[in-house]
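Here is a short tour of a helix pair and a strand. Have the viewer open as you read along.

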Amino acid sequence: MLARYFSWFAYLPIGIILLMAFLGLSHFNHDISWHLLQDTYIINILSFSIQQAILSSLASVVLGYLSARILFYGQCKKFRKIFLSLCLLSFILPSFILISGILSLFGAQGILQPWLPADWQLYGLSGILIAHLWLNFPFALRIFSINFQAIDHTSWQLARQLKFSRWQLFCLLEWPRMRASFFGLLGLIFLLCFNSFAVVLTLGGGPKSSTLEVAIFQALKYDFNLGEALILSWLQFGIASLAFLISLKLGKLVWLSSGEHQAPSIFPVSRFTFFSSHIFYIGLCLIILLPLIALLMQIELSDLVNYAWLSLLEPLVYTITLAGITALLAFLMTSLFLPTFTSTWQNTSYFLACIGLLTPAMVIAVGVYAYLLGKQVSWFTTPSLWIILINTLLTLPYLVNQVRSPYIVYHQHYNHLQRQLKLSFFKKFTIATQWLSPYWFIGTLVTFLFALGDVSVFAIFGQSDSPTLPWLIYRYASTYKLADAAITSWVLLFICILFVFLLEHYLQAKYEVSIYAKNQST
Amino acid sequence: MLRINQLKFQYKKSANLLSYHFSINTGSIAILQGISGIGKTTLLHLIAGFLPASQGEIYWHQQALHRLPVEKRPVSLLFQQNNLFEHLTIAENLQLGHKLPPTQILASLIHLGGDARWLTAYPRQLSGGQQQRVALVRTLMRPEPLVLLDEPFSELDPQTRTNARQWVATYAHTHKKTLLLVSHDPQDIEQLDAQPIYIT
């Protein structure tokens, strides 16, 4: 009981940062002219932000669903685990890596340039959509694939027994299992694309196709127009909150689970379907890998020799340190939150813990920045501290979502039992930790990977003389040092691959403990 | 003596008001009977302290149980499900809630047709009946004098069921336990020499 009250104090740092951000945002009230909302420039930015987010999320989710369907019914099982890891990798991948890859593919000197139409323009809506699709479509595909596999074997058998048509199969078996994920994914990807910063900053190509997030950054860093930045931040916050609440209402997303589980083949597959789906499968793998391959092709031996390897060391250590501390902090905070997830205020606690998903990175960063500026606090002496704190708040939802459900399940299953057995606090803690440890590990790893790719917060607080790896990539790419950008991207990519495989290893271990043993008998 | 005195409980306002009134002598065995959904499990949860009674009293000797939290009641309860932590081995599960040496617990388990090889397994690696025997052994061997068993033999085959009944009756008798069971099987009353309590 005491622990539960104590847990609420853990929300204090979140509250303080949010308060700072909102005070910061309202601090410069006298500068704010709400007439800006009638400004055609702002209206254009707003409608473009929403338009690109809707298009990106719809395309990613629908394509992901259709592809997962083809792979499932075509029984594409070979290398499935590696394929699903690849899908996860492209989601967790710092977006600058992918952007460098897309530039190497579709850019002015891109590999695909000769085959593109003469009036082809990468910069603008097309570029943004391509990047968002590449980032999110594989992830949607992964979720749907896992959902397909998770449908009970006996349900398929029953469906065959009852001689369901394809349409009945879809309506009665498939869609009810996919619906929650479909809307959950739609909401999540909409939010991610709506808040997308790196992609639009690099591929937007001017005010015509700029989003709120980038406009905030530009208003703040280049035009020094704090009033405009604040209005845009409020606007961004309002719309993102609305989208978050709608997606919370409509969908449910268990977004990280093992891809290991394989349902046995239920339907006979014709030779034609089998081959065509396998060709589609190979095509998908190539498409997902293409930007990364293009990055490799960008690099020549001379580039590797001429690359300033030593100068990479400092950003590398700095990036890993920032991400590591962020993940550790998020871990500590989530462990303190846990008891509140089963309290009577569990919805409030979940909402508070997820506020990082609700408030876009740029809004919090700008708010805190404005607050510190207003208080004349010399934040620039401790930029890393603010980067870590804000990133902790922003990555917290990923960790919380990973640990919350298992904790609630644990509580539902075993709370009565452990009370009945009169276990001591220490014993209860040890048993619960044993249950939660794989989820902890996975969640912390994901938090680390997301923090690794941060650009938005660094864009506001970062110092140009000590960049992080993603920022270094941006700097190289924006000064057309594409080979250097490619090499740096591959270094960052290598770290991500390493961690994604570690992650998959643990997902599998978790899966084995919880499900594999089910049908085994001693 | 366990005394349930005009105990009343209602899940929500629109639901039926459940009402209980009976007593059981110390060291005896009683079996709760009645149709499904009548409130047998609810009664066990009321005695164990997981549900708050709206009226009435529960006395164990002179002690008013209804005023005590779960952890302070002299009760050991076998739930219908979720009796074992799935992420702990059977050996680890068996050692929770008491201070008896593992060998003594194992001896009882083997008596019920168990196997030492189960100890290193996880609950899901055992069948429902095997899990039920593990949970039954632990529940009964805990030091609490009042034992509540919610359908303890439901997953057992006839032969194992007979063995389990014998073991439960002997153990309860020698250790002076007071048992309250929920069961639908008339043979349980006969073989356990139990007092039937009908809930209507």
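## Two helices side by side

In chain A of this predicted model, helix α10 (residues 212-221) and helix α17 (residues 361-374) have axes that come within 9 Å and cross at roughly 25°. The two are therefore roughly parallel to each other, a label for angles under 35 degrees. Axes here are lines fitted to C-alpha atoms over the stretch in contact, with angles running from 0 to 180 degrees between N-to-C directions. Helices are DSSP runs of H or I with at least four residues, and strands are E runs of at least two, numbered from the N terminus.

Which residues of α10(A) and α17(A) meet? From α10(A) come A:Glu213, A:Ile216, A:Phe217 and A:Leu220, and from α17(A) come A:Ala361, A:Met362, A:Val366 and A:Tyr369, contact meaning heavy atoms within 4.5 Å.

## A strand covered on both faces

Turn now to chain B. Strand β3 (residues 29-33) of chain B has five of its five residues buried, so it is largely enclosed by the rest of the structure. Buried means under 20% relative accessible area (1.4 Å probe, protein chains only). B:Ile29, B:Ile31 and B:Gln33 lie on one side of β3(B), with B:Ala30 and B:Leu32 on the other.

β3(B) pairs in the parallel sense with strand β8 (residues 178-182) of chain B over four bridges; pairing requires at least two DSSP bridges. There, B:Ala30 has B:Leu180 as its bridge partner. β3(B) also pairs in the parallel sense with strand β9 (residues 195-198) of chain B, over four bridges, and B:Gln33 stands opposite B:Tyr198.

## Reading the numbers

Residues are numbered from 1 along each chain as its sequence is written, and chains are lettered from A in the order in which they are written. Local features need pLDDT of at least 70, and side-chain atom pairs count only at pLDDT 80 or more, while totals for chains, interfaces and linings use all residues; side-chain values use heavy atoms, leaving out hydrogens and water.

How values were computed: Parallel < 35°, antiparallel > 145°, perpendicular 65-115°, else oblique. Buried < 20%, exposed > 50% of the residue type's maximum accessible area, 1.4 Å probe, protein only.
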